[in-house]
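Work through the exercises below with the sequence and the model open. Each has a task and a solution in steps.

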Amino acid sequence: MSTIKDVAQLAGVAVTTVSRVLNNRGYISKETRKNVEDAMKKLNYEPNEVARSLYRKKSNIIGLIIPDVSHPFFAKLANYIEYYAYENGYKILLCNSYKDKIKEKDYINMLRRNQVDGIIMGSHTLETAEYLNHKLPIITFDRNISESIPFITSDNYKGGFLATKLLITKGCKKLAHISGPLELNTPANKRYVAFMDVVKENNIDYVIKQTKLDTFENYIKLVQKMFDEHPDIDGIFASSDIIAASIIQVADSIGKKITEELKIVGYDDTDIASLIVPQITTIRQPLRQMGEMAVKLLIDEINGKDVKIENILPIELIERKTT
């Protein structure tokens with residue numbers, strides 16, 4: 001395997017000149033740059049990225065930890081983060097923690113060893129101290145884990161309010177809300193708070209079901225059990241579009257007609273919401289803007305700029321065929 005010394009010898013320059021070409025530092029004449037680049041090509045020289053990052057004190061790599069890369073919300077979010085990171089000269093190391101505390105800790109340690117410049121987290125299973133001890137710039141999604149760590153979220157309270165109000169306006173008399181795990185202190189819990197405020201204000205009968213990030217099959221089982229226990233539910237506010245899709249499937253299997261006997265509002269406005277039949281009324285989170293903001297905030301943190309801790313983006317009610 002060729003070394004930087006071999007490149008320098010073939011190009012007829014000093015090792016420091018090759019290093020300056022690799023790191024684009026200082027003045028290098030066009031002729032010298034071409035000689036170095038030709039030598040690297042002839043020798044099939046691949047620079048040691050870890051060594052270069054140590055030299056520059058910057059790797060231009062961002063770690064991205066999400067709980068489930070197959071989930072439509074996180075898949076789309078990861079896509080936007082990668083796009084905007086690349087646009088800004090950064091590459092992504094993607095880690096799929098699947099809510100496993102040990103796995104998440106291993107990934108954080110791996111990202112540190114790989115000299116990433118910062119981490120964007122869509123998952124939170126560790127104690128806050130474990131994040132803070134690593135002294136890396138961190139941005140989180142829907143996880144307010146510390147007063148010093150910036151987080152990005154959407155207006156969850158307004159989203160929950162609009163979803164619940166719509167179901168009542170459409171004539172629903174008994175509502176269900178399928179939420180995430182409420183024991184976790186997350187901004188997304190404000191959807192539940194809004195749901196409770198609206199149903200109590202309007203004296204509406206209601207049911208609450210909690211679920212974690214799970215498989216479609218498990219959502220089906222949860223919804224089936226809910227209808228077994230409460231067959232008179234006529235409106236459901238689901239905390240994701242994939243849960244809303246599972247409700248549609250269960251409703252079809254038990255002969256409950258969508259809109260006539262059951263109305264559904266999902267959350268996120270991922271692709272599944274407009275592709276499934278009937279198309280899902282949902283609360284749109286601005287995923288593109290969230291991904292772009294995550295990259296911008298993290299880069300600002302990396303560069304030592306002050307970053308706003310709480311970053312809340314607007315949501316939008318998208319009414320389709322399930323209401």
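The exercises cover backbone geometry, helix packing, a surface patch and salt bridges.

The model is predicted: local features need pLDDT of at least 70, side-chain atom pairs count only at pLDDT 80 or more, and totals for chains, interfaces and linings use all residues. Numbering runs from 1 along each chain as its sequence is written, and side-chain values use heavy atoms, with hydrogens and water left out.

**Exercise 1. Backbone geometry**

Task: Locate the cis peptide bond from V277 to P278, then examine the positive phi angles of N44 and T259.

Solution: 
- Step 1. Omega for the bond from V277 to P278 is near -5°, and the bond is cis. P278 sits in the loop that joins α12 (271–275) to β10 (281–284). Helices (H or I, at least four residues) and strands (E, at least two) are DSSP runs, numbered from the N terminus.
- Step 2. N44 is not a glycine, yet its phi is positive, about 50°. The residue belongs to the loop between α3 (30–43) and α4 (49–56). N44 counts as exposed because its relative accessibility is 64%; the classes are buried (under 20% relative accessible area), exposed (over 50%) and partly exposed (in between), with a 1.4 Å probe and protein chains only.
- Step 3. T259, also a residue other than glycine, has phi near 75°. Its place is the loop between α11 (241–254) and β9 (263–268). With 26% relative accessibility, T259 counts as partly exposed.

**Exercise 2. Packing of two helices**

Task: Describe how α2 (residues 15–23) and α3 are arranged.

Solution: 
- Step 1. Two packed helices are described by the angle and the distance between their axes.
- Step 2. The axes of α2 and α3 come within 10 Å and cross at roughly 90°. Axes are lines fitted to C-alpha atoms, for helices over the stretch in contact, and angles run from 0 to 180 degrees between N-to-C directions.
- Step 3. The two helices are therefore roughly perpendicular, a label for angles of 65 to 115 degrees; under 35 is roughly parallel, over 145 roughly antiparallel and the rest oblique.
- Step 4. On α2 the contact is made by T17, V18, V21 and L22, and on α3 by T32, R33, V36 and M40. Contact means heavy atoms within 4.5 Å.

**Exercise 3. Salt bridges**

Solution: 
- Step 1. A salt bridge is a side-chain nitrogen of Lys or Arg within 4 Å of a carboxyl oxygen of Asp or Glu.
- Step 2. K170 is partly exposed at 35%, and E319 is partly exposed at 41%.
- Step 3. K305 is exposed at 51% relative accessible area, whereas D300 is buried at 13%.
- Step 4. D269, R284, E316 and R320 are linked in a salt-bridge network.
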